[in-house]
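This report describes selected features of a two-chain model. The sequence and structure are shown first, and the description follows.

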Amino acid sequence: MNILLILAVVFGTLVLVRLANVAALASKLSGENEEAEQESANRWNSIGMISFLIIGLIVMIYMMTQYLPLTLPKAASEHGEAIDGLMKINWIVLFVTFFITQILLFTFAFKYRYNKNRRSFYFHDNNKLEAIWTIIPTIILAALITTGMKEWNDITNKSASMKGIVVQIYAKQFDFTVRYAGKDNKLGGSFFRRITDTNPLGVDSSDAATADDMVAKELVLPKGAEVQLMINSRDVIHSVYLPHFRVQMNAVPGMTTRFAFKPTITTAEMQKETGNPKFQYVMLCNKICGVAHYNMQMTVRIVEPAEYEEWLKTQSAVFPVEQAVAPAPADSAATSMAK
Amino acid sequence: MEVNPNNSMAHGAPADEHAHGHSHDHHDHDHDDNFWSKYIFSTDHKMIAKQYLNVAIFMGFLAMFMSLIFRMQLAWPDAKLPFLSDVIGKWGKDGKLDPGFYLALVTIHGTIMVFFVLTAGLSGTFSNLLIPLQLGARDMASGFLNALSFWFFALSSVIMLSSLVIESGPASCGWTIYPPLSALPQAIPGSGLGMTLWLVSMVFFIASSLLGSINYIATIINLRTKGMAMTRMPLTIWAFFITAILGVLSFPVLLAAALLLVFDRSFGTSFYLSDIFIDGAPLDHAGGSPILFQHLFWFLGHPEVYIVLLPALGLASEVISVNSRKPIFGYKAMIGSMLVIAFLSFVVWGHHMFITGMNPFLGSVFVFTTLLVAIPSAVKVFNYITTLWRGNIQFTPQILFAIGLVSTFITGGLTGIILGDSALDINIHDTYFVVAHFHIVMGSSAIFGMFAGVYHWFPKMYGRMMNKKLGYIHFWLTIIGLYGTFFPMHFLGLAGVPRRYYANTAYAGFENLININHVVSIFAIIGGLAQFIFLFNFYYSIKNGKKSSQNPWKSNTLEWTAPVEHIHGNWPGAIPEVHRWPYDYGKPGAKEDFICQTVPYSETPESNTPHDH
């Protein structure tokens, strides 16, 4: 293998040297023919420009027909539909701009190749033109900014409202744990100094809110209900990424981040929608977190509300309630952490 | 355009004196130079430019080679690549790339490309070469600081490369080195000695960058020749000037961020660390915030994008104008848009952090400022296109690359509008969509600008011409390789594939995307191989290229009035005086289609317009 590699490099270099020698010799022989040579280069490269434009656009459109079906299916959450709608508007604006500018660029390059009998047009300033291409982008961007911000505010306001089923996503190298808040919809306090082998989330057993908390190794949520994710990490930064729901939020050690969303399509419905009976929603880690980063994920299931209630009953309590743990010194900090 | 009399008075006289001193003794002076003082510890800006370029080419090939290794891993995750163990030893045992080393490759590839190639390589080469030559100065304001700047850069390169060969491996937490991952060796082996070397290397790099930038700024402000008003400077110089200011204002912040990280790593402080339980034990760190690091990092990180891009845009402005034999359209608008971009670049850093848990209101502010960047960028694009319109284009390799730059700048800029919109960013943040975006808008554009610069100013650097035919082949393979690599990546992002994943086959869901990964990797290999054509052309032409004439591109700027043979002080006699702006190409009535900046209006009555006096 080594020898092959070396041979390839040596051979490649020899070919290039040969080519360059021939080229140098040819230009020496032709002498004053440099002008003719440049003329031929101008012709071929300008044709190259227009060909690149046409072939490039065709290949691009072909790729879109082939690859777009492989991208994410339609959004499975309420705000996700809004994001997808916004994305469509943006794509339209961007594609129009893309086509206009690229076509102008490569067409001009093709059209205005050198001709020694011609002078270029001495044109170096025009305030009207400058104003046009300052003002039009400004108006378009103003529209994009306002629609984008409105959507962003709607999404983040929901996360700030603290409404919905409270679920903690607890990240560590290299897995997620889910904690459901139970009947009181309140998570018991937790603190990293309480973490032991039997209490991997460092939950405070003396907190009254803890008693009905449940843990799971799978995220199951009811369709149509608002969900409030409370996201924590105990070691490095991770990111909770639920691509099908258009949900992503980092898990940061030392703080709680939140994301609220409402699933609208059950797993079973999505299996029909995609025509893939094995389809599963996933939660991925999307912030580099260590060597096994690529293998940190969890299955997500969206089910009908009744099925969710049934499933929840079968989940284990976070903590056998009898098990008492001495309160840690930083209790107040711990409780506020979970708020 | 009126020259500032104070300026020309202040500098004309001493500069001339200097000139005479040099013209008498430069002959023997050149002979006194031994190998060390001429090639290694040179204080001549032209030699320093070449030093930067050669180191950057070396580093660039290394980083490109790394990317080819991990592209092969991503496209053919199950294949055994027997040569891997030969190249990277234990990290490629049995032809399988180690997942930890995959992350190291990604990290070092990013670091080298962003800092060592596109920052130092681009600014270091062309600011050094062109600032004195295009301004009509004998050398940089301080030749010694300039040499020092290069040597800090060389030292930082050596330290960065040394981290590749240590037992625990190089830094492997991404080029953005977010703590706590970068602070805790327990979290990833690369955060041990590898990370320490990374930080030390960057400290020298930042020192190098600052010394360079201060020198560029001082030279541009003080050493312009008589008649070279700011409004007569070529756009290249404007770009280098603004870039240097960005560097001076933002790199110190990275140094601060790195220093605090060093404290957290080595001295037990808690700037970025809090509430961490790792390796079976809680850590003592309390009260820090990892988000603080991200604010500091991106306060440099975003201007950095423009530190990379602006010089490329400046070089492209010059190359497009010269080779389309037409003045750059909207000279003042070009300067204005660069200034606006530079200002905005300091108030947009938060768009890298929309989903870090930063206050959502802050997110909205950053959406607003970020999308504003599109306006000056659009102005620049339309001005380039208008410059080509009704031009008389000589297709040299450099203008091909400059046109390629405009194309990738458009393509990548447009996807930036999506990423800058926080609501849309939620689902594509940290996916391959981002990778595609910045490789097109920053990576490809900047490297195209750099190639345009190399092909254009190679005769100025080495006194010989590069082979044009190889240049054409290089360009076409490169642009096909780049678009073929990075365009399909958008689809991976839209399919929700996270970046920095060693493999996408670990679970169901992404297996149908392997075809896209094949396409991406094959084009990456084509584009990578094409660079060897450049490498060969570059070094072959240094020795064997056709001898260059003094002004091979029929250009107006001052560097082409200097003799082909390099001498200390650049011009043998008095330094040239400037009488007009640099873009009088194709002026109606003129004898030729270009008028050098040194030609006074009194000599060109046939082409003067009512505004010229």
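B:R500 is located in the loop between α17 (489-494) and α18 (514-544) of chain B; helices (H or I, at least four residues) and strands (E, at least two) are DSSP runs, numbered from the N terminus. The phi of B:R500 is near 60°, a positive value in a residue other than glycine. The residue B:R500 is buried, its relative accessible area being 9%; buried means under 20% relative accessible area, exposed over 50% and partly exposed in between (1.4 Å probe, protein chains only).

B:N570, in the segment after α18 of chain B, also has a positive phi in a residue other than glycine, near 70°. B:N570 is buried, with a relative accessible area of 2%. Most residues other than glycine have a negative phi, and most peptide bonds are trans.

## Basis of the model

The model is predicted: local features need pLDDT of at least 70, side-chain atom pairs count only at pLDDT 80 or more, and totals for chains, interfaces and linings use all residues. Residues are numbered from 1 along each chain as its sequence is written, chains are lettered from A and ligands numbered from 1 in the order in which they are written, and side-chain values use heavy atoms, with hydrogens and water left out.

## Cis peptide bonds

The peptide bond from B:P179 to B:P180 is cis, with omega near 5°. B:P180 belongs to the loop between α6 (143-162) and α7 (193-222) of chain B.

In chain A, the bond from A:Q173 to A:F174 is cis, with omega near -5°. A:F174 is placed in the loop between β1 and β2 of chain A.

## Overall form of chain B

Chain B contains 18 helices and two strands. For its 613 residues, a compact globule would have a radius of gyration near 25 Å, and the value of 25 Å for chain B agrees; this radius is taken over C-alpha atoms, and the globule rule is 2.2 Å times the number of residues to the power 0.38. Along the principal axes, the C-alpha atoms of chain B fill a box of roughly 80 × 50 × 50 Å.

Of the 613 residues of chain B, 69% count as buried. Among contacts (heavy atoms within 4.5 Å) in chain B between residues at least 6 apart in sequence, 78% join residues at least 24 apart.

## The six-stranded sheet of chain A

An open sheet of six strands in chain A has the order β8-β5-β1-β2-β3-β11, with mixed pairing; two strands pair if DSSP finds at least two bridges between them. Its edge strands are β8 (257-261) and β11 (316-317) of chain A, each of which pairs on one side only.

Strands β1 (residues 165-172) and β2 (residues 175-180) of chain A run antiparallel and are joined by six bridges. Within this pair, A:I169 has A:V178 of β2(A) as its bridge partner.

## Strands around β9 and β10 of chain A

Strand β9 (residues 281-285) of chain A pairs with β10(A) in the antiparallel sense over four bridges. A:V282 is bridged to A:T299 in β10(A), and A:L284 stands opposite A:Q297 in β10(A). Strand β6 (residues 238-242) of chain A and β9(A) also pair in the antiparallel sense, over two bridges, with A:C285 as the bridge partner of A:V240. From β9(A), A:Y281, A:M283 and A:C285 point one way and A:V282 and A:L284 the other way, and all are buried.

Strand β4 (residues 219-222) of chain A runs parallel to strand β10 (residues 297-303) of chain A, and four bridges join them. A:P222 stands opposite A:V303 in β10(A).
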